[in-house]
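User: Hey, I'm new to this one. Can you walk me through it?
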Amino acid sequence: MWIAPRTDDMLIVVDLQYDFLPGGSLAVAGGDQIIGPINQMASKFTHVVMTQDWHPQDHISFASNHDNAEPFQIMQLPYGPQVLWPDHCVWDTRGAQFSRDVDIPHCEMIIRKGYNEVVDSYSGFQEADRRSKTGLEGYLRERNFKRLFIAGLATDFCVNWTALDARTAGFETFVVEDLTRAIDTNGSLATAWSDMTMAGVRRISSEDIS
Ligand code: VGL
Ligand code: ZN
């Protein structure tokens, strides 16, 4: 398959932040390996946005903010089941910063998410209550983007939820599989790919992009 980037395509680069990289508090194995190739892919796209996981210290998704809770446990919250995480991407900490190896100077917008202390937001489009929008859909529509390409961290959480919401919003959506890495807790990676496939997300390789 050969795909030539067009000016009505948007590349969405998800969460290339220190806490998701080796040495970080929620490190994704091999996360550092995809940064260089994502920079290269980004240079082929006219339009790029990045998402940034951005939590207050008292965020509901942190196990440390609940009694007798451990990271990676699932807790029922008013908006549904929530995986509890180690503290990560606390705003104004180094862990929340983009890796300095990210080199995408033409990135035109950064969407922060997860800043509401009582709702998590894996998706770049909306919070986990499925109600509060980030504004990304409006931005993409208003500027007439048609196809979305998604890469970054983590395949089974923020990439997955962003891709599913992109499909719900009606965009043709491609996930560049070799430029993602997964957390994979409780079978989450297999579930993510089956959900994305069912939703019509196209699973491609960076080699497909010319
Ligand atoms: C993410 C877990 C918690 C992600 C963010 O970027 O995939 N995962 N917050
Ligand atoms: Zn998070």
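Predicted model: local features only at pLDDT ≥ 70, side-chain atom pairs only at ≥ 80, totals over all residues.

User: Okay, where does ligand 1 sit?
Analyst: Ligand 1 sits in the largest cavity.

User: Which residues are around ligand 1?
Analyst: Among them are Asp-15, Phe-20, Trp-85, Tyr-122, Phe-157 and Ile-183. The shell divides into nine nonpolar residues, one polar and two charged.

User: And which side chains have a polar atom 3.1 Å from a nitrogen atom of ligand 1?
Analyst: Asp-53 has a polar side-chain atom at 3.1 Å from a nitrogen of the ligand. For His-88, an N or O atom of the side chain is also 3.1 Å from a ligand nitrogen. Then there's the backbone of Leu-153, with a polar atom 3.3 Å from an oxygen of ligand 1.

User: How much of ligand 1 does the protein bury?
Analyst: 100% of the 260 Å² that ligand 1 exposes when taken alone.

User: Switching topics: what coordinates the zinc ion?
Analyst: The zinc ion, ligand 2, is coordinated by Asp-53 through OD, and by His-55 and His-88 through NE2, at 2.0 to 2.2 Å. Asp-53 and His-88 are also in the list of residues around ligand 1.

User: How are the zinc donors spaced in sequence?
Analyst: The pattern is D-x1-H-x32-H.

User: And what's the geometry of the zinc site?
Analyst: Irregular, with angles of 86 to 172 degrees among the four donor atoms. For reference, ideal tetrahedral angles at a metal are 109.5 degrees.

Technical notes:
Residues numbered from 1 in each chain as written. Chains lettered and ligands numbered in written order. Heavy atoms only, no water. Near = heavy atom within 4 Å. Polar contact = N/O pair within 3.5 Å; in protein donor to acceptor, adjacent residues only side chain to side chain. Areas by Shrake-Rupley, 256 points an atom, 1.4 Å probe, with all protein chains shown as cover. 1 Å grid on protein atoms, 1.4 Å probe; cavity = no way out; pocket = protein on both sides within 12 Å on 5 of 7 lines; lining within 4 Å. Sits in = over half its atoms within 2 Å of the grid points. Nonpolar A, V, L, I, M, F, W, Y, C, P; charged D, E, K, R; others polar. Donors = N, O, S within 2.8 Å, 3.2 Å for Na, K, Ca; no water. Tetrahedral: all angles 85-135°; square planar, octahedral: opposite > 155°, others 65-115°.
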